[in-house]
Amino acid sequence: MRYGPDDKFWVVVDPKPHSTLEDLVFEASLRDLDLQFKGGLQIDENPTLFTDRQEARLEAYGRLTAMRASQAILRAGRENPDTRIDRVEIYGADGTLVFAADIPQEVD
C-alpha cells in the first residue's frame, strides 16, 4: 500500500501512568506525525503505525493493560514487602479468564 503526506493511518504510543485508551491511539498522516515529533513525541514512546483502526485500538488496549498490571504489581510489592507475586490473571466482565502470566523469580 502506498502512503502520501496526507493519507491517514493509526498511531499507537506507550501509555503514561494516567493515560486513557484515547491518549494512546490517534489517526494521523505523515504530515501530522512530523508535527507530533516536533511537538514532543519521542521514539522511546514506541510509536507504531496501523492501517486498521480496530487493530490499533487492540494494541493500545494491550499496552494500557500491561502498564496497569505492572503498576498494581509494584504497588502490591511496596504495600506488602514480604508477599511475592508470582502470577497475574485478568478476567473479563463475564468472569472468563482472558490473560494469565507467570512472573518468574528474580535470579540473584
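The legends below describe close-up views of a predicted model.

**View 1. Overall fold of the predicted protein**. Three helices and five strands make up the secondary structure. Their order along the sequence is β-α-β-α-β-α-β-β. The radius of gyration is 18 Å, well over the 13 Å given by the globule rule for 108 residues, so the protein is more spread out than a compact globule. The C-alpha trace spans about 55 × 30 × 25 Å along its principal axes. Of the 108 residues, 23% are buried. Among contacts with a separation of 6 or more, 47% join residues 24 or more positions apart. The accessible surface comes to about 8100 Å², and carbon and sulfur atoms hold 52% of it.

**View 2. Helix α3, residues 53-79**. This helix has 27 residues and should span 39 Å at 1.5 Å a residue; its end C-alpha atoms lie 39 Å apart, which agrees. D52 caps the N-terminal end of α3. A side-chain oxygen of D52 sits 3.2 Å from the backbone nitrogen of Q54. The buried residues in α3 are A56, A60, R63, L64, M67 and A69. An α-helix has 3.6 residues a turn, so residues three or four places apart point the same way. The buried residues of α3 pack against strands β1 (9-12), β2 (25-28), β3 (48-50) and β4 (87-91), and against helix α1 (21-24).

**View 3. The largest nonpolar core**. Ten residues form this core: W10, V12, L21, L24, V25, F50, A56, A60, L64 and M67. At least two residues come from each of β1, α1 and α3. Helix α3 gives the largest share, four residues. Another core, of seven residues, lies apart from this one; F9, V11, V13 and F26 are among its members. In soluble globular proteins, nonpolar side chains tend to be buried together.

**View 4. Contacts of L64**. L64 is one of the buried residues of α3 and belongs to the largest nonpolar core. Leaving out residues up to four places away in sequence, L64 touches P15, S19, T20, L21 and L24.

**View 5. S19 in the loop between β1 and α1**. S19 is buried, with a relative accessible area of 10%; the cut-off for buried is under 20%. The side chain of S19 reaches the backbone nitrogen of K16 at 2.7 Å. Beyond its neighbours within four places in sequence, S19 is in contact with L24, L64 and R68.

Definitions and conventions
Residues are numbered from 1 along each chain as its sequence is written. This is a predicted model: local features need pLDDT of at least 70, side-chain atom pairs count only at pLDDT 80 or more; totals for chains, interfaces and linings use all residues. Side-chain values use heavy atoms; hydrogens and water are left out. The expected span of a helix is 1.5 Å times one less than its number of residues. Buried means under 20% relative accessible area, exposed over 50%, partly exposed in between (1.4 Å probe, protein chains only). Contact means heavy atoms within 4.5 Å. A polar contact is a pair of N or O atoms within 3.5 Å; within protein, one must be able to donate a hydrogen and the other to accept it, and residues adjacent in sequence count only if both atoms are side-chain atoms. The radius of gyration is taken over C-alpha atoms; the globule rule is 2.2 Å times the number of residues to the power 0.38. Accessible areas come from the Shrake-Rupley method with a 1.4 Å probe; for residues, only the protein chains shown count as cover. A nonpolar core is a set of buried Ala, Val, Leu, Ile, Met, Phe, Trp, Tyr and Cys residues joined through side-chain atoms within 4.5 Å.
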